[in-house]
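User: I'm new to this structure and would like to learn how to read its features. Could you walk me through them?

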Amino acid sequence: MNVHDVQAPPPKARGVLRAFSARRIVIALLLSVVVAVALNPVYVTPFPVLLGRTLAIALLLLLAFTLAGAWRVPLLPRWLAQVLAVVLVAPVAAFLVYLPAIGGFFQGEMWHEGYVLGYTFITAAALVIGPLLALVALYRERDAQARADAIGFELERSRLEKQALDARLKVLHAQVEPHFLFNTLANVQELVESGSPRAALVLRNLIAYLRAAMPQLHEGGTTLAAEAALVRSYLELMQVRMPDRLAFTIDIDVEVAVVPFPAMALLTLIENAIRHGIDPCEAGGRIEVRAWRDAGDGRIRIVVADSGVGMDENARPGTGLRNVADRLRGFFGAAAELQLHEAKPHGLRAEIAFEAPAGESTA
């Protein structure tokens with residue numbers, strides 16, 4: 001026989017098989033034992049016979065409960081149909097288990113007082129315990145379904161939030177890319193238009209820098225060490241343009257060098273310090289870049305400080321700084337911070353603080 005010729009059970013039958021689980025059968029067996037032990041003192045019937053009857057009734061009630069849940073009754077809620085099925089089947093099931101003892105439907109033994117009392121007791125037990133257990137099972141089933149729905153909702157929400165965050169990061173990254181490139185090219189244009197003999201050297205350095213930087217423009221993240229190398233290349237390029245007005249130092253602790261970091265984010269802070277701090281200052285200034293792990297709270301801190309003209313009290317953070325703050329929160333979580341402070345005696349200090357991503361080793 002071909003395996004494909006074997007037909008699978010229809011969907012409703014599969015649902016019945018799943019609902020008629022081993023766990024429910026075991027519970028039915030245990031309850032049958034409890035009921036048989038409770039009724040045994042009032043019965044003259046041997047205990048094994050009584051246990052067989054309670055077990056048969058329990059299995060029939062379980063079957064009725066399961067079938068009523070799989071085949072929905074029109075105009076009735078599923079839970080009500082299942083409880084009614086148990087109530088209606090209980091006396092029928094009790095009657096059926098007594099048939100072998102009375103010898104048939106129309107035998108005189110059927111109306112014997114002992115059989116009537118036995119039938120009444122066992123039916124009453126089934127009518128009390130059966131619906132009660134059906135309601136408990138329905139409550140547990142509803143509670144489990146609610147938990148499953150809640151977990152599914154959380155998973156779907158997390159998936160949608162991740163998609164939205166990925167889309168937002170792509171937009172922010174697309175904004176950072178032209179912001180940096182156009183400002184750098186504007187600096188080269190100033191040298192060319194002024195006829196500076198250093199224009200050719202700056203242009204060659206710029207081309208070399210862009211060849212190294214372009215691959216990172218399309219990556220979501222890199223490391224602090226790679227970002228520091230890119231920053232160093234940029235500052236060396238700017239130093240060619242203003243050799244007497246720009247000095248810098250870069251100090252990245254080895255411990256945090258391999259920590260992931262949003263691509264071009266640190267470079268945006270450096271470009272902002274050049275454009276708004278060093279360039280407007282007649283004497284130029286110095287840029288200091290530091291990164292380390294704070295021994296107090298364990299967070300990683302990055303500082304970009306310049307000794308330029310400082311921060312205008314009425315000025316607001318530009319697009320570049322807002323994008324950096326958003327990218328940091330998207331990359332490291334809502335606790336990531338970007339703060340600006342006045343530097344003494346003049347200048348600006350930008351400080352980043354964040355928790356290292358889980359599972360990242362910075363040793």
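Analyst: We'll go through pockets, cavities, a surface patch and salt bridges in turn.

This is a predicted model, so local features need pLDDT of at least 70 and side-chain atom pairs count only at pLDDT 80 or more, while totals for chains, interfaces and linings use all residues. Residues are numbered from 1 along each chain as its sequence is written, and side-chain values use heavy atoms, with hydrogens and water left out.

User: What volume does the largest pocket have, and which residues are closest to its centre?

Analyst: On a 1 Å grid over the protein atoms alone, a pocket is an open set of points with protein on both sides within 12 Å along at least five of seven lines, a cavity is a set where a 1.4 Å probe fits but cannot get out, and lining residues have an atom within 4 Å of a point. Points are joined across faces, edges and corners, and volume is the space filled by probe spheres set on them. Here the largest pocket comes to about 700 Å³. It is lined by 29 residues, and the closest to its centre are Ile 27, Leu 31, Leu 62, Leu 133 and Ala 134.

User: Which elements give two or more residues to that lining?

Analyst: Elements are DSSP runs numbered from the N terminus: helices (H or I) have at least four residues and strands (E) at least two. For this pocket they are helix 2 (22-39), helix 3 and helix 5 (113-193). Helix 5 has the largest share, 14 residues. By class, the lining holds 19 nonpolar, four polar and six charged residues; Ala, Val, Leu, Ile, Met, Phe, Trp, Tyr, Cys and Pro count as nonpolar, Asp, Glu, Lys and Arg as charged, and the others, Gly among them, as polar.

User: And how many cavities of 30 Å³ or more are there?

Analyst: The count is one. The largest cavity holds about 60 Å³ of space, and helix 8 supplies the largest share of its lining, three residues. That lining divides into seven nonpolar, one polar and one charged residue.

User: Which residues make the nonpolar surface patch?

Analyst: Patches take residues with over 30% relative accessible area and no salt bridge; like charges are joined within 9 Å, and nonpolar side chains (Val, Leu, Ile, Met, Phe, Trp, Tyr) within 5 Å. Areas come from the Shrake-Rupley method with a 1.4 Å probe, and for residues only the protein chains shown count as cover. Leu 60, Leu 63, Leu 67, Trp 71, Val 92 and Leu 96 make a patch of about 470 Å². Helix 3 (47-70) and helix 4 (78-102) each give two or more residues.

User: How many salt bridges does a search of the whole structure find?

Analyst: A salt bridge puts a side-chain nitrogen of Lys or Arg within 4 Å of a carboxyl oxygen of Asp or Glu. The search finds nine. In one of them, Arg 293 meets Glu 255 at 3.2 Å, N to O. Arg 293 lies in strand 4 (residues 285-293) and Glu 255 in the loop between strand 2 and strand 3, so this pair ties together parts 38 residues apart in sequence.

User: Is Arg 301 buried or exposed?

Analyst: Buried means under 20% relative accessible area, exposed over 50%, and partly exposed in between (1.4 Å probe, protein chains only). Arg 301 counts as buried at 14%. Arg 301 forms salt bridges with Asp 294, at 2.8 Å, and with Asp 297, at 2.7 Å. Asp 297 is partly exposed at 40%. A network of salt bridges links Asp 294, Asp 297, Arg 301, Arg 349 and Glu 351.
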